[in-house]
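User: Please take a close look at the ligand site of this model. I would also like the local backbone details elsewhere in the chain set out with their criteria.

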Amino acid sequence: MVFLKKKKSWCISENEVTDECSFHNRRKFLKTLSYLSILPVTLSFSKDVLSSQNYNYSSKINKKYVLDREITDEKLATTYTNFYEFGSSKNIWRRASKLKIDPWDITINGLVDKPIKLDIKKLKKLLGYEERIYRFRCVEAWSMTVPWLGFPFEKIINLVQPTKDAKFVKFETFYDPNVAPGQKQNWYPWPYEEGITIDEAKNDLTFLATGMYGKDLPNQNGAPLRLVLPWKYGFKSIKSIVGIRFVKNRPIGLWEKLAPKEYGFWANVNPDVSHPRWSQEFEKILGYSHVRKTEIFNGYEEQVSYLYKNIHKNDNVMLFK
Ligand code: MTE
């Protein structure tokens, strides 16, 4: 995500600054927004009802998650990416291709009865795959619709059998600054980590992707294994996972460590709670000039709102009103 800047001697604290690229992107976006805000609402949403005609589902499609909106152009979804290990621009796909993903060990341990360490090829064979079409919403207020291949996280839970003390799941990305130049920028607390509650982990939407658009994941989108949490802002969907750990205490993700007031733990999509520096009311659809109204929980309210019933409203600015 954006908004953190290369540290120079004159730098103010990290959570107060914006990198140049995102600054310009955001200016462009705000310009679009202000232009569109004078158009009738119906015009802004005219593409929302398009079906996914431009994509042929695989036979493994999970029909529960088909959407009434157009799939994002594959080229766009795979060349406009956020992967800070390879730099803070969106255009890192060539650099990310240097990451070697074979062999690739994944360790799943912590408060579990059956810890396991295995190569991604074995894990894929063991857990199989299905296809799901999900909305995706970045905290920077752009959005896309992606056909993912992979398996629900519940399958990992069944595999390792967490104990009753496991309250959270912590995810960790690889650390190799020789391959990932962004990791030489030592003001980021590498490796990239993220966390969710055990109840969120058990929700049927929680998905581990091994592919997209009918193929294996490209490196820049998080090969060989990434998390996908479609009701949360995209930074929670951690890429290129090497470790999954069941823990007692709430993990603190990379962005939360850097800027806790901007990138909170919950990070549930909510049009009514602005990011401290911009509104979340609208989202810009990748590939289009128009915007769409942001939906609570990114349109997945029915599936996930029960998870947050007992959480205090002021627990985090990024939760919901
Ligand atoms: N995971 C890692 N390891 N490193 C990252 O920089 N960026 C996050 C998330 N996962 C990121 C990451 C952010 S900010 C977003 S919006 C999504 O990945 C972007 O996913 P995409 O590039 O596949 O669209």
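Analyst: The account below begins with the ligand and then turns to the backbone and to individual residues.

This is a predicted model, in which local features need pLDDT of at least 70 and side-chain atom pairs count only at pLDDT 80 or more, while totals for chains, interfaces and linings use all residues. Residues are numbered from 1 along each chain as its sequence is written, and side-chain values use heavy atoms, with hydrogens and water left out.

The ligand is surrounded by 19 residues, where a residue is near a molecule if one of its heavy atoms lies within 4 Å of it. The closest are Tyr84, Glu85, Asn221, Arg226 and Lys239. By class, this shell comprises 10 nonpolar, 6 polar and 3 charged residues; Ala, Val, Leu, Ile, Met, Phe, Trp, Tyr, Cys and Pro count as nonpolar, Asp, Glu, Lys and Arg as charged, and the others, Gly among them, as polar.

A polar backbone atom of serine 237 lies 2.9 Å from a nitrogen atom of the ligand. The protein covers 100% of the 530 Å² of accessible area that the ligand has on its own, with areas taken from the Shrake-Rupley method and a 1.4 Å probe.

The ligand sits in the largest cavity. A cavity is a set of points, on a 1 Å grid over the protein atoms alone, where a 1.4 Å probe fits but cannot get out; a molecule sits in it if more than half of its atoms lie within 2 Å of its grid points.

Most residues other than glycine have a negative phi, and most peptide bonds are trans. A cis peptide bond joins aspartate 102 to proline 103, with omega about 5°; proline 103 belongs to the loop between helix 4 (93–96) and strand 1 (105–110). Helices (H or I, at least four residues) and strands (E, at least two) are DSSP runs, numbered from the N terminus. Another cis bond, with omega about -5°, links tryptophan 190 and proline 191, the latter in the loop between strand 5 (168–173) and strand 6 (193–197).

Alanine 267 is not a glycine, yet its phi is positive, about 50°. It is found in the loop between helix 8 (254–258) and strand 11 (282–285), and alanine 267 is buried at a relative accessible area of 0%, buried meaning under 20% with a 1.4 Å probe and protein chains only. Asparagine 298 likewise has a positive phi, near 55°. Its place is the loop between strand 12 (291–293) and helix 9 (301–304), and asparagine 298 is buried at 2% relative accessibility.

Three further buried residues complete the picture. Glutamate 130, in strand 3 (residues 130–137), has a relative accessible area of 19% and so counts as buried. Its side chain makes a polar contact of 2.9 Å with the side chain of asparagine 62; such a contact is a pair of N or O atoms within 3.5 Å, and within protein one must be able to donate a hydrogen and the other to accept it, while residues adjacent in sequence count only if both atoms are side-chain atoms. Phenylalanine 86 is buried at 0% relative accessibility, and its C-alpha atom is 5.1 Å from that of alanine 180, 94 residues apart along the chain. Isoleucine 61 is buried at 14%.

Note on methods. On a 1 Å grid over the protein atoms alone, a cavity is a set of points where a 1.4 Å probe fits but cannot get out, and a pocket is an open set with protein on both sides within 12 Å along at least five of seven lines; lining residues have an atom within 4 Å of a point. Buried means under 20% relative accessible area, exposed over 50%, partly exposed in between (1.4 Å probe, protein chains only).
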